[in-house]
Amino acid sequence: MSAPITALLDGETVTAVAGEVWSALVGEEEFLLPGLGPVAPAVDGPSAWVTVTGPWDGVVVLTCAASGTADLTRSVLQLDDDEQPTAEDVEDVLRELANILGGNVKSLLPGPSALGLPETGPAPLRAEDADTCRVSASWRGHPLAITVQGASEAPAHPTTEVPK
Amino acid sequence: MKILVADDSRVMRQIVVRTLRQAGYDDVDVVEAEDGADCLAKVGSESPDLVLSDWNMPNMTGIECLRALRAQGSAVPFGFVTSEGSPEMRETASDAGALFLIAKPFTPDTFRDALDAVLA
């Protein structure tokens, strides 16, 4: 069993990876603004994630505020501002962003390991804080959270919920 | 010139095609496949000059597709466009007969660097 994610990866690295993904997929002039503080605030919106299986087992989750998903999809697909993307396109965009984030995070972890197929839906249950690296960010004012969490015991809070 | 783009994500197929155009490959015909099994079938029916394939796909993965093609005697030029680019995966891809592996996220320059030699 590998060390917890907090010993393998820090938020700054995850933010840097996400910034590169954003520039390449969302647009060269599109920037993710890093959030403040070590723990992301709650983000109310859909999530997409991929599993990583290997010496470190866990999941990489992208959660985007519901207010931003259509805008994000329009940017990735280069649609017109007044064009409404389909729900299928929104999910596909979130899945693919999570997939690429996951692939790049995986490359920073001990290997060999395998990446699962991306999924969407309600965020997976949160893992123990000691095995969770979570960063917050915003894009065009829409909050986002990127969570790299181990497959440890899953207590009862959704991934993006701040524990009381 | 015909390129077969295989990815289970329609969004990613669209981005790959867009990047091909941005990289200057304006005049290539593009055919799309939605997983490895579809890719395998379309190599037979479409006779592409190059396959650009994702790695992780349902039904049949990209590496399984490549191995099946080589087992059938197909020598179609094959490159991966995938979210993972570890040294182990590059070695696995190369051993199976892939010409290159482009890791996502990519740019038009990345495409030109990998494809120019193949499509020249």
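Ten residue pairs are in polar contact across the interface of chain A and chain B, with both partners at pLDDT 80 or more. The model is a predicted one. Three elements of chain A, helix H2 (11–26), helix H3 (66–77) and helix H4 (87–106), each supply at least two residues of the side that touches chain B. H4(A) gives the most, with nine residues. Sorted by class, that side of chain A holds nine nonpolar, five polar and five charged residues.

**Charge and area at the interface**

The rule also finds three salt bridges between chain A and chain B. One pairs Glu96(A) with Lys104(B); their closest N and O atoms are 3.0 Å apart. The area buried between the two chains is about 1600 Å². Carbon and sulfur atoms give 54% of that area. In chain A, Leu77(A), Glu96(A) and Leu117(A) lose the most area to chain B, and together they make up 27% of what that side buries.

| Interface item, chain A and chain B | Value |
|---|---|
| Residues from chain A in the contact | 19 residues |
| Residues from chain B in the contact | 19 residues |
| Area buried | about 1600 Å² |
| Salt bridges | three |
| Residue pairs in polar contact | ten |

**Nonpolar cores**

In soluble globular proteins, nonpolar side chains tend to be buried together. Here the largest nonpolar core has 58 residues. Which of them touch the most other members? They are Leu72(A), Leu97(A), Val148(A), Ile3(B), Leu52(B), Phe111(B) and Leu115(B). The list draws on chain A and chain B. H4(A) supplies the largest share of this core, eight residues. H4(A) also gives the most residues to the side of chain A that touches chain B.

Take Ile3(B) as a close-up. Beyond its neighbours within four places in sequence, Ile3(B) is in contact with Leu20(B), Val28(B), Asp29(B), Val30(B), Val31(B), Leu50(B), Leu52(B), Leu115(B) and Leu119(B). Two of these partners, Leu52(B) and Leu115(B), are themselves among the core residues that touch the most other members. Apart from this core lies another, of 24 residues, including Ala33(B), Val51(B), Met60(B) and Met89(B).

**Chain A as a whole**

Chain A comes to four helices and seven strands. From the N terminus on, its elements run α-α-β-β-β-α-α-β-β-β-β. The chain has 164 residues, and 50% of them count as buried. Among contacts in chain A with a separation of 6 or more, residues 24 or more positions apart account for 69%.

Key: Residues are numbered from 1 along each chain as its sequence is written. Chains are lettered from A and ligands numbered from 1 in the order in which they are written. This is a predicted model: local features need pLDDT of at least 70, side-chain atom pairs count only at pLDDT 80 or more; totals for chains, interfaces and linings use all residues. Side-chain values use heavy atoms; hydrogens and water are left out. Contact means heavy atoms within 4.5 Å. Buried area is the accessible area (1.4 Å probe) that two parts lose on being put together, summed over both. A salt bridge is a side-chain nitrogen of Lys or Arg within 4 Å of a carboxyl oxygen of Asp or Glu. A polar contact is a pair of N or O atoms within 3.5 Å; within protein, one must be able to donate a hydrogen and the other to accept it, and residues adjacent in sequence count only if both atoms are side-chain atoms. Ala, Val, Leu, Ile, Met, Phe, Trp, Tyr, Cys and Pro count as nonpolar, Asp, Glu, Lys and Arg as charged, and the others, Gly among them, as polar. A nonpolar core is a set of buried Ala, Val, Leu, Ile, Met, Phe, Trp, Tyr and Cys residues joined through side-chain atoms within 4.5 Å. Buried means under 20% relative accessible area, exposed over 50%, partly exposed in between (1.4 Å probe, protein chains only).
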